[in-house]
Amino acid sequence: MNIPYENASFKDFENIEGQNIYTTASQFKDYLDFLKVNGHLNYRIESLSPCGPEMELLLPGDDAPTRCVCLVSNDYLGFSQHPKIKAAVIDGVQRFGTGSGASPAIGGHFVYHQQLEEKIAGFYKKKDAILYTTGYTANSATLQCLLHKEDLAILDMSVHASVYEGCLKTNVKTFLHNNMEMLEQVLKNAQDKYRTKMVVIDGVYSQDGDIACLEKIAELTHKYGAYLVVDDAHGIGVVGDTGRGVIEMFNAFDQVDIITGTFSKALGNIGGYVIAGNEIITYLKFQSKQHLFSTTATPAVMGILKAIDLIDEEPQWRAKLWENIDYIKQGLISLGFDVGTTASAVIPVKVGDIPKTLEAGRLLLKLGVYTNPIMYPAVSKKNSRIRLNVMAGHTVAQLDRVLAAFKQVDEQLDISGNHLKS
Ligand code: PMP
């Protein structure tokens, strides 16, 4: 490609595709250098302090750390820093060490894995669950194992990337996000054409923070003889009266065939899970390659056992999180920003094009506010946004700093669109 950075524009890098892996990679590096030179590389920033509402960051090109209010963490309840959870992790490591030594089928299945499978299933009023190394693998491995070339996956367009990856070897049809007419049409057209039809949705959507129309989706899915999979990665611990996510919001415990999720967000650890009926879970335990041939989670997962208890025992974190969500959401709306239809701890501030979104992210960082500019391919090209992840531990003073920074950036860039209107 070889465009001098000074003359380059985002357009020049729109479709990076070289002749082989080396030319593709080197053109991609040109793009990263272009972002760096323009101060836009708000990506893989090194954090020097624990994950929390405020963090010390080593910004590109700086020698000394900068302290920022952090709105990039999915550790919504602050459980990665909770003393009781840390104590449970330490106890796990003291008793069992730092690794589990093997994959589950050949010696790596320990008492803490067994307990965790039972506990997460019980949390959703079910009996059976299987663990994966990450939430990403839980989705991709399960769908890959269950769906083949005779089958059909019907996906809400906004599902997580891991769902798309799980469907590479099956037939896929998508419907516009939360569009029930379109879902029904796809289900109707698919009648009698496939062996298994599986509708896959997120509970809370990771880029918009909005919630699936679960009641209607469950009704349509069953009417047309399909199965329903819900990934509630961002819902667990956050939504539902007792933190059982979107499944609880809609009292859909008996209407969802498979629940997937992650321990990496509100539960403050790492790992993925799949909850379903005994036959499906047993099948996955013996047929899913990513489970069979990959070493099990470390004894640090004992912290997750405690974290699940604390969702019930310490509801004050969820209550505080919701106070913060409401506070910042209302603050942004009264400043004129478009936050879409969020109903969770994920708040998108809609900007539109990619360069403006990156510039907004850079200016916010300069003002001590660490956010995630979200762009294509995570969302469509004209739908770029600054995404905020709210935490229970944010103070009002921190949230006020965030609102003041957004106001200042808006005065410079007009990301709200208000200034154009007036
Ligand atoms: N599903 C959704 C909706 C997610 O947002 C994520 C995390 N980005 C995942 C699954 C993957 O979870 P994990 O980070 O544990 O791999």
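α6 passes α7 in a right-handed crossing.

Q: How should I read confidence here, and what is the mean pLDDT of the chain?
A: Where pLDDT is low, predicted coordinates should not be read in detail. In this model the chain has a mean pLDDT of 94. Of its residues, 96% reach 70 or more. The scores are ipTM 0.99 and pTM 0.94.

Q: Which residues does the UniProt domain annotation cover?
A: The unreviewed UniProt entry carries the annotation "domain: Aminotransferase class I/classII large" for residues 68-405. In the model, that span is 41% helix and 17% strand. The C-alpha atoms at its two ends, residues 68 and 405, lie 12 Å apart.

Q: What describes two packed helices?
A: Two things: the angle between their axes and the distance between the axes. Take helix α6 (residues 180-189) and helix α7 (residues 214-223). Their axes come within 10 Å and cross at roughly 15 degrees. Angles under 35 degrees count as roughly parallel, so α6 is roughly parallel to α7.

Q: Which residues of α6 and α7 meet?
A: From α6 come Met180, Leu183, Glu184 and Leu187. From α7 come Lys216, Ile217 and Leu220. By class, this contact has 5 nonpolar, no polar and 2 charged residues.

Q: At what angle do the axes of α3 and α11 cross?
A: Roughly 25 degrees, with the axes of α3 and helix α11 (residues 302-313) coming within 9 Å. The two helices are therefore roughly parallel to each other. Is the crossing left-handed or right-handed? For α3 and α11 it is left-handed.

Q: Which residues make that contact?
A: On the α3 side: Tyr112, Gln115, Leu116, Lys119, Ile120 and Phe123. On the α11 side: Met302, Ile304, Leu305 and Ile308. The contact of α3 with α11 divides into 8 nonpolar, 1 polar and 1 charged.

Q: How do the axes of helix α12 and helix α14 cross?
A: The axes of α12 (residues 316-334) and α14 (residues 396-413) cross at roughly 20 degrees and come within 10 Å. α12 and α14 are therefore roughly parallel to each other. Their crossing is right-handed.

Q: Which residues of α12 and α14 make the contact?
A: α12 supplies Asn324, Tyr327, Ile328, Gly331 and Leu332. α14 supplies Val396, Leu399, Val402, Leu403 and Phe406. The classes in the contact of α12 with α14 are 8 nonpolar, 2 polar and no charged residues.

Q: Is the peptide bond from Tyr376 to Pro377 cis or trans?
A: The bond from Tyr376 to Pro377 is cis, with omega near 5 degrees. Where does Pro377 lie? Pro377 is in the loop between β13 (372-374) and β14 (384-389).

Conventions:
Residues numbered from 1 in each chain as written. Predicted model: local features only at pLDDT ≥ 70, side-chain atom pairs only at ≥ 80, totals over all residues. Axes fitted to C-alpha atoms, helices over the stretch in contact; angles between N-to-C directions. Helix = DSSP H or I, 4+ residues; strand = E, 2+ residues; numbered from the N terminus. Parallel < 35°, antiparallel > 145°, perpendicular 65-115°, else oblique. Left-handed = near helix turned anticlockwise from the far one by under 90°. Contact = placed C-beta atoms within 7 Å. Nonpolar A, V, L, I, M, F, W, Y, C, P; charged D, E, K, R; others polar. pLDDT = per-residue confidence, 0-100. UniProt positions renumbered as here; feature names shortened; annotations may be inferred.
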